[in-house]
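Please look over the structure below before reading the numbered points, which begin with one residue and then widen to its surroundings.

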Amino acid sequence: MSKELSKEKIEENTKELINTDSIDKIRYTSDITNTMAEIPEFQYIKINSAIAQMKQSLSDYIYARKANDQKAKYAALNEIKEGYRLIQKLRKMLSRDDDAKLNVYLVKIKTDISMLESRAFFENINIQ
């Protein structure tokens, strides 16, 4: 009987590991952290400061997701939105090439967050 329970538990854990939703969550989270690390420094201190603050908010968001802390996650998302808006205003100071580079990173981050949040939304619907 204990062999059957062990076998059942192993199969359950294996299914969870293979679950494409969890693989996608890992991929989107990894993409966010990789993108954060790739953002270069720019010649303007204000932009670099705003980017650093947004990176901190993104880290807070990722940790809150891992801890399943909804309150902290939404607080971090609000900070990310504020940082995103500030960066959008400050982008006007950048050269065309730097602006295009920064835009690529911002779009990647925004897309990955949207994908994570849409998966979370549909998971909540399926649970209820």
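1. Leaving aside neighbours within four places in sequence, L58 is in contact (heavy atoms within 4.5 Å) with I32, M36, I80, I109 and I113.

2. Please keep in mind that this is a predicted model, in which local features need pLDDT of at least 70 and side-chain atom pairs count only at pLDDT 80 or more, while totals for chains, interfaces and linings use all residues. Residues are numbered from 1 along each chain as its sequence is written, and side-chain values use heavy atoms, with hydrogens and water left out.

3. L58 is among the residues with the most contacts inside the largest nonpolar core, together with I32, M54, Y61 and I113, and this core has 25 residues. Such a core is a set of buried Ala, Val, Leu, Ile, Met, Phe, Trp, Tyr and Cys residues joined through side-chain atoms within 4.5 Å. Two or more residues each come from α2 (20-38), α3, α4 (70-90) and α5 (96-127), and α3 gives the most, with 7 residues. Helices here are DSSP runs (H or I, at least four residues), numbered from the N terminus.

4. Y61 lies in helix α3, residues 45-67, and Y61 counts as buried because its relative accessibility is 0%, where buried means under 20% relative accessible area, exposed over 50% and partly exposed in between, with a 1.4 Å probe and protein chains only. Leaving aside neighbours within four places in sequence, Y61 has contacts that include K73, L77 and E117.

5. D31, in helix α2, counts as partly exposed because its relative accessibility is 29%. The C-alpha atoms of D31 and I109 are 7.7 Å apart, although 78 residues separate them along the chain.
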